[in-house]
Amino acid sequence: MYDLALKNGFVVTDTEVFRSNIYVKDEKIAEISTDDKEARQIFDVNGKYILPGCIDTHCHFRDPGVTQKEDFITGTQAAIAGGVTTVFDMPNTNPSVLSAKDLQWKADYFSKKAYADYGIWGLALGKLNLDELPALCSSGVSAVKFFWGYAINAKTKALIYNYDPKDTDVILPPGDGEVYELFSEMAKTGKIIAIHAENNELIQTLTDKLKQSGRTDYEALVDSRPALAEALTIQTASLLAKATGAHLHILHLTSKMGVDIIRKAKAEGVHITAETCPQYLFLSSKDYDTVGPMMKVYPVIKHEEDRLALWQGLFDGTVDFMASDHAPHLISEKQGPLFSIPAGMCGVETMLPLMLNEVNRGKITLPFIAKVLAKNAATIYKLKDKGSLTVGKDADMVVVDMQKIDTIENNKLHSKQPLTAFAGREIQGWPIKTFLRGQLVVDNNNIIANAPCGKWIK
């Protein structure tokens, strides 16, 4: 007898939708067929659609370090509520993930908190931890992230997002020679080296000019962190990837210029992949008057032509998949002048609903969602048990009601600091049940898992 059966649903793969039953045994999908078989637990999902559990490879859950903003319990609860069953936690926590020892510590620390399965990113600090990277990569880290152009606190090794060259105890950003060594080392490991692509020198110069002008409008923020800052970094990185053979991944892509460079690099055989995020697909600078400071994120949301180019890149495969860049701050911190508030917002819980709404609007299909929110990420990050509704894979499943209409509201979110730029947006199409390896963990937006049940995915 099977452990679980989802009956009479429409199964969604990355290529098709068909009516069938899904049977689960020992946390795995054991059979997909129209045969009516017995199971210990049966859910009749007649008229509903079953998608693979989404994979969000870009989450800042703030744990450990600034857990007043988010922690791994509330963050992974938000994930499963939004149909995301696998998350990758970013490494710039306190302490950061700089070595194999750090990785194991964080994996153990998360094991008692995880409501979703999880991977863990490592952090590259140039020569400061170059020798640690081989062991870090062989120990099961998901990938390694490099904050291009960011300075480092010499005492704590924490990233400094806006540094003053006059500051003491600061390690300046690595030069191109040091970055070349980093890419060369990562190429040997076979792991992904992912970059936050913003040219810090250009941004500092433009920001200084902005301060002198006295402008405080949203276009001024975009002018200080333009598409050129992203494009310059992607261009340099793609050349280094071509020279070294490293697998380069571009995080949170925001611009038409960036899309064009990646498309060209892929055509030339560079091993490069890219992601974008909901905020860049569903918002542009013209929305600021309506949304307000909540839409401040880094890299910044740019213009309508950039938004449209990102959609086109996702359609033609230049952009490989979506991730949320979930990065909450205290609600009180986000209530102030545009240039003084921190950048970031909740995103892991609203990513799937936003895309389901686009299906109902006729812009995309459910198989497209299965591809860009599950299949492609699993393939790129070599998650052999994740990413599709296939016999033998983990039974990570999301039942969605394509007729359900509701509004995204901050007070319905599960994050510790529930605040999103999409509050007030009406959505048709919502996840109503989430299964993690065959266990029902969310039912109609209620977390029903009795305890954390997520596992580390090496």
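The model is predicted, so local features need pLDDT of at least 70 and side-chain atom pairs count only at pLDDT 80 or more, while totals for chains, interfaces and linings use all residues. Residues are numbered from 1 along each chain as its sequence is written, and side-chain values use heavy atoms, with hydrogens and water left out. Helices (H or I, at least four residues) and strands (E, at least two) are DSSP runs numbered from the N terminus.

**Aromatic rings**

- Rings of Phe, Tyr and Trp (its six-membered ring) pair if their centres lie within 6.5 Å, with planes under 30 degrees apart counted as stacked, over 60 as edge-to-face and the rest as tilted; the count by this rule is 20 aromatic pairs.
- The pair of W148 and F183 is edge-to-face, because the ring centres are 6.1 Å apart and the planes stand at 80°.
- This pair links distant parts of the chain, since W148 is in the loop between β10 (144-147) and β11 (151-153) and F183 is in helix α4 (residues 176-189), 35 residues apart.
- Buried means under 20% relative accessible area, exposed over 50% and partly exposed in between (1.4 Å probe, protein chains only); W148 is buried at 9%, and F183 is buried at 0%.
- F321 and Y381 form another edge-to-face pair, with 6.2 Å from centre to centre and 70° between the planes.
- F321 belongs to strand β17 (residues 321-322) and Y381 to the loop between α13 (366-380) and β18 (397-407), so the pair ties together parts that are 60 residues apart in sequence; both residues are buried.
- A cluster linked by ring pairs consists of F61, F72, W105, Y109, F110 and Y118.
- The charged end of R225 sits over the ring of Y298, 3.7 Å from its centre, where the rule requires NZ of Lys or CZ of Arg within 6 Å of the ring centre and within 35 degrees of the ring normal.

- The buried residues of α1 pack against β7 (84-89), α2 (100-111), β8 (117-120), β19 (426-436), β20 (439-443) and β21 (446-447), where contact means heavy atoms within 4.5 Å.
- K69 lies in the loop between β6 (54-59) and α1, and K69 is buried with a relative accessible area of 11%.
- Leaving out residues up to four places away in sequence, K69 touches R62, P328, H329, L330, E333, K416 and Q417.

**Contact of α12 and α13**

- The contact between the two helices is made by M351, L352, M355, L356 and V359 of α12 and by L366, F368, I369, V372 and L373 of α13.

**Backbone features**

- The peptide bond from D63 to P64 is cis, with omega near 0°, and P64 lies in the loop between β6 and α1.
- K382, although not a glycine, has a positive phi of about 60°; K382 lies in the loop between α13 and β18 and is exposed, with a relative accessible area of 68%.
- N444, in the loop between β20 and β21, has a positive phi near 50° in a residue other than glycine, and N444 is partly exposed at 45%.
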